[in-house]
Amino acid sequence: MSLSLKQLTLYLTLLGIGGGAGVLGSRYLMAEQQVVESPQAVPAVLQPSPPKPFSPSPQTNLNFIAEAVEIVGPAVVRIDSARKLSSQDVPEPFKNPFFRRFFGNEMPPPEQRVERGTGSGFIISGDGRLITNAHVIAGADSVKVTLKDGRTFQGKVVGVDSVTDVAVVKIEANKLPTVRLGTSEKLIPGEWAIAIGNPLGLDNTVTVGIISALDRSSSQVGVPEKRVSFIQTDAAINPGNSGGPLLNAKGEVIGINTAIRAGAQGLGFAIPIETAQRVANQLFTKGRVEHPYLGIKMVTLTPDLKKELNEDKSVGFKVTRDTGVIIVSVAKNSPAAQAGFQPGDVIEKVASKPIKSAAEVQQQVEASTVGSNLPVEVTRQGKRQMLQVRPGAFPTEEAQNKDE
């Protein structure tokens with residue numbers, strides 16, 4: 001009897017387990033049947049999560065470009081320049097001696113034609129001081145400045161610096177809108193860049209892009225005669241943009257739009273605002289700019305360039321390093337020659353700052369003062385030497401013409 005009770009208890013237990021499994025199984029089958037019968041249902045593991053509503057943080061300003069343009073736009077001007085070109089050629093019929101006998105001193109005057117150009121600029125002071133590019137107003141007999149509000153003024157060219165392509169203009173007015181000057185020294189590639197100007201005669205055009213690269217040398221940009229380390233941007237810059245401001249996301253001027261490389265698409269270049277401001281201050285106070293120079297030709301070494309120099313028998317020295325800045329030649333009677341620089345010297349430091357490229361040497365020299373001592377550390381035949389050089393004034397084309 002007790003055995004039967006045990007068997008009965010075990011049977012009931014198994015029956016309970018089986019029944020539970022049956023109930024669970026039936027629920028699973030019912031759920032599965034519902035899935036099959038409802039084709040719109042998707043298994044939970046495949047269901048896409050609902051999109052989260054976009055809510056910008058308080059620091060995010062989606063209209064920063066419009067706000068920057070609204071602040072700076074009134075201080076961006078259009079500059080129309082004109083200069084008269086005289087043709088010294090007498091009309092062909094009057095070159096005939098037969099006609100000259102009849103007209104004598106009544107020969108018609110030489111023909112004159114007017115060359116016109118359009119560019120941009122921006123106001124840096126309420127009393128009418130403007131900055132633009134030198135090539136926008138170079139040689140101009142007259143300059144007309146047009147503000148965004150339609151007012152026009154006759155501008156006076158105060159100074160032009162062809163070495164940096166910076167020029168300054170003055171108009172007689174007061175309480176004018178002005179730009180805010182920023183800094184380019186802390187820029188990093190990828191930052192926003194906003195350009196404002198008058199491309200192709202389309203006044204107050206705004207384009208936007210990013211800072212593509214920094215410290216582009218003049219030779220890389222295709223203007224080796226200039227002494228500027230350019231900012232590269234992909235903000236659209238077209239003819240007429242020259243002289244206009246390049247802005248950061250805060251609406252501060254970080255450069256002057258100045259050059260488009262021939263054959264390039266989507267590449268523009270700007271003069272850093274620190275360079276433009278330094279040159280403009282000298283032009284407004286002195287009417288000219290003295291650029292320090294040493295009188296050396298230098299290159300940034302690479303393994304390929306090292307091999308090329310060593311294979312050139314006219315070089316006169318042996319290159320033993322793969323990197324660094326090496327002096328290729330020294331101009332006669334230049335400050336560098338007087339200080340004892342020699343071809344083959346490798347520049348290690350300028351003004352106590354380590355040097356890695358020729359562009360860095362140029363920047364340090366440009367930041368020095370004409371006539372003041374500038375310490376330069378070089379390696380010559382494996383030994384380090386400290387040279388003291390007094391930078392001279394860069395021999396501009398105007399100065400060379402006077403010397404001739």
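## Ground rules

Helices (H or I, at least four residues) and strands (E, at least two) are DSSP runs, numbered from the N terminus. By that scheme, G371 sits in the loop between α9 and β19 (374-380).

This is a predicted model: local features need pLDDT of at least 70, side-chain atom pairs count only at pLDDT 80 or more, and totals for chains, interfaces and linings use all residues. Residues are numbered from 1 along each chain as its sequence is written, and side-chain values use heavy atoms, with hydrogens and water left out.

G371 is partly exposed, because its relative accessible area is 36%. The classes are buried (under 20% relative accessible area), exposed (over 50%) and partly exposed (in between), with a 1.4 Å probe and protein chains only. G371 and G392 are 21 residues apart along the chain, and their C-alpha atoms are separated by 6.1 Å.

## Largest pocket

A pocket is defined on a 1 Å grid over the protein atoms alone: an open set of points where a 1.4 Å probe fits, with protein on both sides within 12 Å along at least five of seven lines. Lining residues have an atom within 4 Å of a point. Grid points are joined across faces, edges and corners, and a volume is the space filled by probe spheres set on the points.

The largest pocket has a volume of about 790 Å³. Its lining has 28 residues, with P224, I296, M298, A358 and Q362 closest to the centre. Three elements each give at least two lining residues: α5 (218-221), β15 (296-300) and α9 (358-366). The largest share, seven residues, is from α9. By class, this lining holds 12 nonpolar, 10 polar and six charged residues. Here Ala, Val, Leu, Ile, Met, Phe, Trp, Tyr, Cys and Pro count as nonpolar, Asp, Glu, Lys and Arg as charged, and the others, Gly among them, as polar.

## Second largest pocket

The second largest pocket has a volume of about 640 Å³. It is lined by 22 residues, and E185, D215, S229, T275 and Q363 lie nearest its centre. Two or more lining residues come from each of β9, α6 (273-286), β18 (353-354) and α9. Again α9 gives the most, with five residues. The lining divides into eight nonpolar, six polar and eight charged residues.

## Salt bridges

The structure holds 12 salt bridges. Each is a side-chain nitrogen of Lys or Arg within 4 Å of a carboxyl oxygen of Asp or Glu. E377 pairs with R384, with the closest N and O atoms 2.6 Å apart. E377 is buried at 14% relative accessible area, whereas R384 is exposed at 52%. Salt bridges with shared partners join R321, E348, E377 and R384 into one network.

E290 bridges to R288, the closest N and O atoms being 3.1 Å apart. Both residues are partly exposed: E290 at 35% and R288 at 47%. R129 pairs with D127 at a closest N to O distance of 3.9 Å. R129 is partly exposed at 35%, and D127 is partly exposed at 31%.

## Nonpolar surface patch

W192, V208 and I210 form a nonpolar surface patch with about 260 Å² of accessible area together. Patch members have over 30% relative accessible area and no salt bridge; nonpolar side chains (Val, Leu, Ile, Met, Phe, Trp, Tyr) are joined within 5 Å, like charges within 9 Å. I210 lies in strand β9 (residues 205-216). I210 counts as partly exposed, because its relative accessibility is 33%.

Methods. Areas by Shrake-Rupley, 256 points an atom, 1.4 Å probe, with all protein chains shown as cover.
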